[in-house]
Structures are given as structure tokens and as C-alpha cells.
Amino acid sequence: MSGRTQGAGWTTGTGWPRGRGATGAPLLALHGLAGTAAETAAEPLVLIAQILGWQVRAAPPGVTAAAQLCLAPLPLAPGEQDRGTLLAWSPDSNLNEHVSRLNVSVLDQPICIHRVEQLLQALAQQRQAARGAGAAAAGCGCEHGAKG
Amino acid sequence: MMRTIADDTDDLAAAGDARRRAPPLGFDAAPDHGADVAAFGQLAAGLAAVTPPAGTRDFGTPDFGNPDQAASIARQVADMAQGLAALADRLVGEGTVNAAQTAEADCIAFLEAQFRIRRLRARHLVGLSLGEPAWDILLDLAVAHFWRRETSVTSLCIAADVPSTTALRWINSMTREGLIVRRPCLRDGRRSFLAIAPDTYHAMLALAADALRAADKVRQRYQRSAA
């Protein structure tokens, strides 16, 4: 059995939904990981994300994904070996606070499963709360608009 | 704080008796045993049909002077023994009967014991890597479900007793296959935990009930042999 679904990546489709996964699940974007040591290093995080119901997509080069969490290999200094070190960040500044607060911007190797689980839960929780607040505000506007 | 099976030992001791007295789960009603009764009837008829050889006063003291008669009796007895063995196997194999007769707590105690036995393997069979993390995961989740314990991904990785990435691959695959489900946290609905799927839980209970009954039968057989 394998957690991977396609070749060297973990993506299950070629499409790139804007902002969220096809099912409305939080989205994890993988930037430039294919074929690097960081891809192997990222596997535990990707698996936990899938277990927790996240959508995982490989981001095409040059595309800034509107994802809740992004992963990319840490840029190497000249002559430095690829150690598989990962950078993690969120394009959403509010969610990025959680990444910084848990001190996982540069992921340790091996990845701490417990910390990654906490991170993904916190990001999903914040995202859901933000969507709930947005939906409530939109609903309020619609209702008043309909009456008006 | 993360709780493991080991943490629940005291809870089990304290609450086990109360749970043990609880009525069994709502499994299917006991199946119709008409077919089994009929099978027993056939066997009884077969026994009655074994006519004592000529020259004997009763069945208990046959005259085996005639080789053909002796061979015939031997064949009939062997056939009946096979029939009885097959019938016994079928009765042991009826999970619904066993589950209905066995309390949920007894089943869970058995499953937890299995989990602990698997940890003991590492102590007594040093250097052997026997694996099977999916079974460890199911055992842990079944016990967690009984105790209403919320299981995190991290906790399940520990229960699997294999390297983390291997455990995660198994958990991911079992989640995709529907053996494991995500459940919202009871205290904080925005968080989620992992749980055993209801169908899988009932299958585990039925398995445990079957296993307990089979173990009883084996023990009785050994006791009879020793007597």
C-alpha cells in the first residue's frame, strides 16, 4: 500500500482549483518539491493532511496558490547539499500567524508528527471560523437586500 | 493530554465489572437453529442405524470376528465423527450467536488483551519484526471507541508500533477505505479525531465473541484430554 497516488507526487488530479479543494476542504499546495529530497521529507505532512481531509495539489511553477498552507524546499546556499529541508507558510496572513506561532516555518527533520497535526488542525479551524463569519455576514446582507 | 491503552488500565479495572454486567449489544436476533437440530437428528438416526453384528448381545460388546462387519462399522463411525466435527465448526463460526451471548465489555477486554500481547512479543521475541500495523490500529481504535476516547493521528501512529511514515501510510489507506472515519472533537467541533467506522467496530466485536467461544472450546478439549 502507499500513501502516494501518482508517481513522485501526491496529487490526485491535474486541475488547480482556485482557493480551495474541489470538495471545499482546506488546500495544501506543494511548490517545486517533485524529484527533490524535500519531497520525501514532506511525505509525513502530506499524509497527515490527507488523513485530516485536506486536498493536496502540486502547484504549477509560477502560480501563487490560494491555499491554506504551502510547502517548498528550502533554497540552498551555493554548494550546499539538498537535505530535504522544508519551508512552510500560508499565503493568508492570518493563517500564517499560526505557522509562525508553532515555529514550523522551517520544518525540522524528521518532521514532528504531533506538531504538524496541531498545525493542520489549527489552520483548518481558523479557516472554518473565517468562512463561518463570512457566510453569516453575507447571509445578513442578502436578507436585508431582499427586503429592500 | 494523549491517553493510550496503558493509561486506561485502572479505568478498565474500576469500570469493567459494571460494564460486564451490562446487557449485550443489539446484535441480530439469534438465528434459527432448525438446521442444526435437523443435522443432529440425522446423526442420531445414523447412530441408531448401526446394527449390532450378529451374535452380540448389545452394541457395547460387538463381535469383531467378521472383518467386513468391523470395517463397515468403522466407516460409519468415521463418517459420523466427521459430521459432528463439521457441525461443531459451523456452530463456532456463527458470529451472531456468539456476539449476542457475549457482553461488549468482554469483547473489548479480549481485544485490549490482544493489543497487549502484541506489545509483549517485542519483549519475548527480541529482534523479530512481525509488523501488521493495520491490526494494531484496529485494536487501538476499537478499545478507544468503547471508552469514548478521542484518538489523534499522533496517538494512532504510536499504537501502530511502526515508523511514523509507515503508520501514516496505513492510516491514510484505511481512512480512504472507510475503516477509519474522522469525527469532530466532542469539546471543540472544529477539530477532528480519528475513530473506527461503526461497521468495523461491530465486526471487531463479533470477531472477539467468536474468538472467546473458540478459546473456551479449545480449553475444554485440553481439559478433557488431561482428565
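**View 1. Packing of helix 6 and helix 7 of chain B in a predicted model.** Helix 6 (residues 133-146) of chain B packs against helix 7 (residues 153-160) of chain B at an angle of about 125°, with their axes 8 Å apart. The two helices of chain B are therefore oblique to each other, a term for angles that are not under 35 degrees (roughly parallel), over 145 (roughly antiparallel) or 65 to 115 (roughly perpendicular). Angles run from 0 to 180 degrees between N-to-C directions, and axes are lines fitted to C-alpha atoms over the stretch in contact. Helices are DSSP runs (H or I) of at least four residues and strands (E) of at least two, numbered from the N terminus.

**View 2. Residues between helix 6 and helix 7 of chain B.** Pro133(B), Asp136(B), Ile137(B) and Asp140(B) of helix 6 meet Leu156(B), Ala159(B) and Ala160(B) of helix 7, contact being defined by C-beta atoms, placed from the backbone, that lie within 7 Å.

**View 3. Strand 3 of chain A and its partners.** Strand 3 (residues 69-73) of chain A has four of its five residues buried, that is, with 20 or more other C-beta atoms within 10 Å of their own. Strand 1 (residues 27-31) of chain A pairs with strand 3 in the parallel sense over three bridges, pairing requiring at least two DSSP bridges, and Leu30(A) stands opposite Leu71(A). Strand 4 (residues 86-89) of chain A runs antiparallel to strand 3 and is joined to strand 3 by four bridges, with Pro73(A) opposite Leu86(A).

Residues are numbered from 1 along each chain as its sequence is written, and chains are lettered from A and ligands numbered from 1 in the order in which they are written. In this predicted model, local features need pLDDT of at least 70 and side-chain atom pairs count only at pLDDT 80 or more, whereas totals for chains, interfaces and linings use all residues.

Definitions and conventions:
Two residues are in contact if their C-beta atoms, placed from the backbone, lie within 7 Å. A residue is buried if 20 or more other C-beta atoms lie within 10 Å of its own, exposed if 12 or fewer, and partly exposed in between; C-beta atoms are placed from the backbone.
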